[in-house]
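Keep the 3D view open and look up each residue as we come to it.

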Amino acid sequence: MNIYVGNLNYRVKEQDLQQVMEDYGAVSSVKVVMDRETGKSKGFAFIEMEDDAAATKAIAELNGAEYMGRTMVVKEARPRA
């Protein structure tokens with residue numbers, strides 16, 4: 001399952017998110033979206049998890065949770081229209 005994580009602190013790194021998500025199950029990939037011009041984080045990321053049940057549990061428990069001073073938005077990523 002592909003998961004969207006938003007409202008992240010701009011200092012959050014991909015390995016930070018991977019550690020948090022691995023508490024719930026195997027993580028296939030983590031991609032923090034960066035601004036092309038500045039090279040800085042845009043404050044959101046996409047995480048791919050192999051096990052849908054683990055991903056659903058992570059979404060339920062992490063949505064609205066505080067991480068590095070910000071309240072995260074965690075939900076299933078929707079394909080681009």
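## The loop between β4 and β5

M68 has its place in the loop between β4 and β5. Please keep in mind throughout that this is a predicted model. Most residues other than glycine have a negative phi.

G69 lies in that loop as well, with β4 covering 66-67 and β5 covering 70-71. At 59% relative accessibility, G69 counts as exposed, since exposed means over 50%. Which residue can be found 7.1 Å from G69, C-alpha to C-alpha, although it is 60 residues apart in sequence? That residue is N9.

## The loop between β1 and α1

Now move to the loop that joins β1 (2-6) to α1 (14-22), where you will find Y10. Leaving aside residues up to four places away in sequence, Y10 touches S41, K42, G43 and R70. Take R70 from that list: Y10 and R70 are 60 residues apart in sequence, and their C-alpha atoms are 9.8 Å apart in space.

N7 belongs to the loop between β1 and α1 too. Its phi is positive, about 60°, although N7 is not a glycine. N7 has a relative accessible area of 31%, so it is partly exposed.

K13 is another residue in the loop between β1 and α1. Its relative accessibility of 47% makes K13 partly exposed. From K13 to M34 there are 21 residues in sequence and 11 Å in space, C-alpha to C-alpha.

## A strand residue and its contacts

E48 lies in strand β3. Is E48 buried or partly exposed? With a relative accessible area of 28%, E48 is partly exposed, because buried would mean under 20%.

Which residues does E48 touch, not counting those up to four places away in sequence? The contacts are M1, N2, V27, S28 and S29. For N2, the C-alpha atom is separated from that of E48 by 4.5 Å, while the two residues are 46 apart along the chain.

## A patch of negative charge

Next, look at the surface: E50, D51, D52 and E76 gather there in a patch of negative charge. One of these, D51, is found in the loop between β3 (41-49) and α2 (52-62). D51 counts as partly exposed because its relative accessibility is 44%.

## One salt bridge

How many salt bridges does a search of the whole structure find? The search finds one. In this salt bridge the side chains of K57 and E61 meet, with 4.0 Å from N to O.

Why are K57 and E61 separated by about one helical turn? Both sit in helix α2, and they are four residues apart there, which means about one turn between them. Each partner can also be placed on the accessibility scale. K57 is partly exposed, because its relative accessibility is 46%. E61 is partly exposed as well, with a relative accessible area of 44%.

Key: Residues numbered from 1 in each chain as written. Predicted model: local features only at pLDDT ≥ 70, side-chain atom pairs only at ≥ 80, totals over all residues. Heavy atoms only, no water. Patch = residues over 30% accessible without salt bridge, like charges linked within 9 Å, V, L, I, M, F, W, Y side chains within 5 Å. Areas by Shrake-Rupley, 256 points an atom, 1.4 Å probe, with all protein chains shown as cover. Lys, Arg positive; Asp, Glu negative; His and termini not counted. Charge placed at Lys NZ, Arg CZ, Asp CG, Glu CD. Helix = DSSP H or I, 4+ residues; strand = E, 2+ residues; numbered from the N terminus. Buried < 20%, exposed > 50% of the residue type's maximum accessible area, 1.4 Å probe, protein only. Contact = heavy atoms within 4.5 Å.
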